[in-house]
Amino acid sequence: MQYGSSGNTLNNFISNGSYSFCNPAFASLAGYSSLALLKMLGMSAYTIIQRFRTGSFITPEDDIYKKIINQLGLSHGNMVGTKSDLVERSRENHLNDLENIVPFVLAGLFYIGTRPKFDCALWHFRIFLLSRLLHTIAYQVPLPQPTRTISWLLGYSSIISMTIPVLRSIQL
Amino acid sequence: MQYGSSGNTLNNFISNGSYSFCNPAFASLAGYSSLALLKMLGMSAYTIIQRFRTGSFITPEDDIYKKIINQLGLSHGNMVGTKSDLVERSRENHLNDLENIVPFVLAGLFYIGTRPKFDCALWHFRIFLLSRLLHTIAYQVPLPQPTRTISWLLGYSSIISMTIPVLRSIQL
Amino acid sequence: MQYGSSGNTLNNFISNGSYSFCNPAFASLAGYSSLALLKMLGMSAYTIIQRFRTGSFITPEDDIYKKIINQLGLSHGNMVGTKSDLVERSRENHLNDLENIVPFVLAGLFYIGTRPKFDCALWHFRIFLLSRLLHTIAYQVPLPQPTRTISWLLGYSSIISMTIPVLRSIQL
């Protein structure tokens with residue numbers, strides 16, 4: 001963990017509170033969240049690839065892309081113009097990411113405020129990121145169930161586990 | 001509101017800025033946001049319950065769950081394999097949560113930076129959380145309209161109201 | 001950029017760390033994020049307008065709105081009761097906003113922690129907001145492709161560009 005360019009790290013840590021890269025738990029959240037967000041953004045690119053592979057677009061103005069596909073000889077014939085299972089699979093995966101990765105980052109931000117032990121926080125983040133990577137592989141290969149369900153459940157549990165210290169440390 | 005274990009709360013509050021559990025408005029946002037996020041995560045579980053009740057799954061690899069349903073005698077006969085209204089209702093509700101609860105947490109984080117009065121902030125959070133709970137009940141029972149629309153509108157207004165002080169306190 | 005009411009701004013900036021409206025980059029993120037979130041929330045209102053224009057609702061309990069449309073003479077006849085392309089277009093746009101604006105705000109929050117140069121941060125936020133406004137116009141008018149794709153790609157690149165300094169400043 002890099003502690004920035006400041007010489008007086010401890011002093012920085014005290015004056016900055018939890019939300020600073022001088023706090024290793026926050027820096028760790030920033031890194032794992034960024035990787036998870038990049039993975040989620042990657043689903044947009046993957047959906048586009050699947051659209052071009054199957055010639056399946058939504059709006060009429062996208063028809064110019066079908067022409068490009070035909071000119072390049074990329075068309076897979078009978079799939080052009082129909083709703084593609086591959087595109088739907090990628091979109092469902094993207095939606096599942098939104099439903100899990102976004103709550104992870106938000107719950108993580110509040111979790112950092114409870115000043116968790118660094119190791120405990122790190123394992124939450126590691127388990128979450130690995131579970132989401134496994135979920136995506138299980139969804140897109142696809143691997144036999146319940147691989148996808150179990151990988152989703154691991155990440156899901158990690159988020160819920162992070163909200164517990166937040167709810168315990170405050171009174172509504 | 002608990003003020004942590006530190007004896008010197010005022011000093012902590014000054015040195016930590018707005019984003020610390022020593023700031024009661026931030027602690028309150030953390031609590032209400034966590035509850036709202038848990039409610040949103042609950043929709044995943046609810047969708048799964050509805051999938052098992054109606055035997056309605058998306059992907060071919062989920063067929064092993066249909067076999068389990070049949071073995072346990074949980075199947076409701078003719079609904080197996082068809083797109084279920086109950087599942088769609090749960091998924092639409094989940095998407096509506098994503099469209100509202102995520103902006104609430106994000107707008108709330110910036111709103112805290114404007115150092116709002118604690119009571120004012122607390123009522124924004126309370127109204128939002130209650131409106132989302134009512135929205136879910138109205139969607140899933142379902143209650144006659146316009147119950148669902150009004151409960152959605154209450155939460156929606158709460159988010160917009162929180163963005164106003166943010167936009168007033170900065171120059172673009 | 002307003003620096004709050006405090007006289008001793010520099011001192012505040014040091015003691016508060018990056019996450020304070022005294023930090024112009026954070027105040028700027030707060031402003032652009034709030035505008036982007038309001039734009040996203042606006043899609044809910046736009047979808048409702050399109051539902052009333054086309055008489056296309058999802059759930060049975062929404063039928064009371066169809067009656068209101070008929071009484072007010074707003075109905076466009078044959079479109080009532082069918083799935084509307086205009087509503088789908090608005091909903092797809094809203095989902096695309098969720099997939100891009102939410103990661104922008106989250107990545108931006110961590111990006112601020114890397115203490116980026118103010119000008120550099122500001123241009124990321126400006127390009128992102130403009131690209132999302134152009135994307136919405138291109139989607140709803142609709143403008144000929146690849147206007148929509150290019151405007152989406154600009155915002156998408158801006159998010160990815162913000163995650164790079166985060167990933168460089170931390171070790172996993």
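Colleague: Which backbone nitrogen does the side chain of C:Ser20 reach?

Modeller: The backbone nitrogen of C:Cys22, at 3.0 Å. Keep in mind that this is a predicted model.

Colleague: Where is C:Ser20 found in chain C?

Modeller: In the loop between α1 (9-16) and α2 (24-54) of chain C.

Colleague: Is C:Ser20 buried or exposed?

Modeller: Buried. Its relative accessible area is 9%, and the cut-off for buried is under 20%.

Colleague: And how far is C:Ser20 from C:Gly55, C-alpha to C-alpha?

Modeller: The separation is 46 Å. The two residues are 35 residues apart along the chain. For orientation, α2 of chain C covers 24-54.

Colleague: OK, step back to the fold. What is chain A built from?

Modeller: Six helices and zero strands. Along the sequence the pattern reads α-α-α-α-α-α.

Colleague: How many residues does chain A have, and what percentage count as buried?

Modeller: Chain A has 172 residues, and 53% of them count as buried.

Colleague: What part of the chain A contacts comes from residues 24 or more positions apart?

Modeller: 72%, taken over contacts with a separation of 6 or more.

Colleague: Give me one buried residue in there. What about A:Asn100, where does it lie?

Modeller: A:Asn100 lies in helix α4 of chain A. Its relative accessible area is 0%, so A:Asn100 is buried.

Colleague: Which residues does A:Asn100 touch?

Modeller: Leaving out residues up to four places away in sequence, A:Asn100 touches A:Phe128, A:Arg132, A:Trp152, A:Tyr156 and A:Ile159.

Colleague: Switching to the assembly. What area is buried between chain A and chain C?

Modeller: About 3,200 Å². Carbon and sulfur atoms give 66% of that area. The contact takes 39 residues from chain A and 39 residues from chain C.

Colleague: How many salt bridges cross that interface?

Modeller: The rule finds four salt bridges between chain A and chain C. One of them pairs the side chains of A:Asp62 and C:Arg148, with N to O at 3.3 Å.

Colleague: And how many residue pairs are in polar contact there?

Modeller: Eight residue pairs between chain A and chain C, both residues at pLDDT 80 or more.

Colleague: Which elements of chain A give two or more residues to the side that touches chain C?

Modeller: α1 (9-16), α2 (24-54), α3 (63-72) and α4 (85-113) of chain A. The largest share comes from α2(A), with 17 residues.

Colleague: What is the class make-up of that side of chain A?

Modeller: 25 nonpolar, 10 polar and four charged residues on the side that touches chain C.

Colleague: Now backbone geometry. Which residues does the cis peptide bond with omega about 5° join?

Modeller: A:Gln145 and A:Pro146. A:Pro146 lies in the loop between α5 (118-140) and α6 (147-169) of chain A.

Colleague: And the cis bond with omega about -15°, which residues does that one join?

Modeller: C:Val141 and C:Pro142. C:Pro142 is found in the loop between α5 (118-140) and α6 (147-169) of chain C.

Definitions and conventions: Residues numbered from 1 in each chain as written. Chains lettered and ligands numbered in written order. Predicted model: local features only at pLDDT ≥ 70, side-chain atom pairs only at ≥ 80, totals over all residues. Heavy atoms only, no water. Contact = heavy atoms within 4.5 Å. Buried area = accessible area lost by both parts, 1.4 Å probe. Polar contact = N/O pair within 3.5 Å; in protein donor to acceptor, adjacent residues only side chain to side chain. Helix = DSSP H or I, 4+ residues; strand = E, 2+ residues; numbered from the N terminus. Nonpolar A, V, L, I, M, F, W, Y, C, P; charged D, E, K, R; others polar. Buried < 20%, exposed > 50% of the residue type's maximum accessible area, 1.4 Å probe, protein only.
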